[in-house]
Amino acid sequence: MEDYQPVNEDKELKQVGLELMFMTPEKGAVDNWVTAVELAKMVELPLDIVKKKLGILKEAGIVRVKGINPKYWKFDDYSFQRMDEEDEVYKVLCSFDDVDFNRYFSY
């Protein structure tokens, strides 16, 4: 596994997670559900990487999926708020040092 990186340094996971966390209908998501293809375009990452990161977030229990083809993904705020603060995925999504929030909000 030469491309393995610790979860706490996973910038792509943070990008995908935060994009889902701050998803709004204005970004084109229907009721905040979005396909992996749409998400990949938003975060400007290859689709296979986005799908892998969505799998990690799903395993952590903080994204929900519906449908088969295509699958629609949605951030689960309720589950996220109940995560263990020591969970690696939680730590990644809560380390805001290098996050530009202007990307998610228009003031």
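A residue is called buried when its relative accessible area is under 20%, exposed when over 50%, and partly exposed in between (1.4 Å probe, protein chains only). At 10% relative accessibility, Thr-35 therefore counts as buried. This is a predicted model, in which local features need pLDDT of at least 70 and side-chain atom pairs count only at pLDDT 80 or more, while totals for chains, interfaces and linings use all residues. Residues are numbered from 1 along each chain as its sequence is written, and side-chain values use heavy atoms, with hydrogens and water left out.

**Sheet**
- An open sheet of 3 strands has the order S1-S3-S2 with antiparallel pairing, where strands are DSSP E runs of at least two residues and helices H or I runs of at least four, numbered from the N terminus.
- The edge strands, each pairing on one side only, are S1 (34–35) and S2 (63–66); pairing requires that DSSP finds at least two bridges between two strands.
- S2 and S3 (residues 72–75) are joined in the antiparallel sense over 4 bridges, and Val-65 has Trp-73 in S3 as its bridge partner.

**Thr-35**
- Thr-35 lies in strand S1 and, leaving aside its neighbours within four places in sequence, is in contact (heavy atoms within 4.5 Å) with Pro-70, Lys-71, Tyr-72 and Trp-73.

**Helix packing**
- Helix H1 (residues 11–21) and H3 pack at an angle of about 70°, with their axes 9 Å apart, the axes being lines fitted to C-alpha atoms over the stretch in contact and the angles running from 0 to 180 degrees between N-to-C directions.
- Residues making this contact include Leu-13 and Val-16 of H1 and Ile-49 and Leu-57 of H3.
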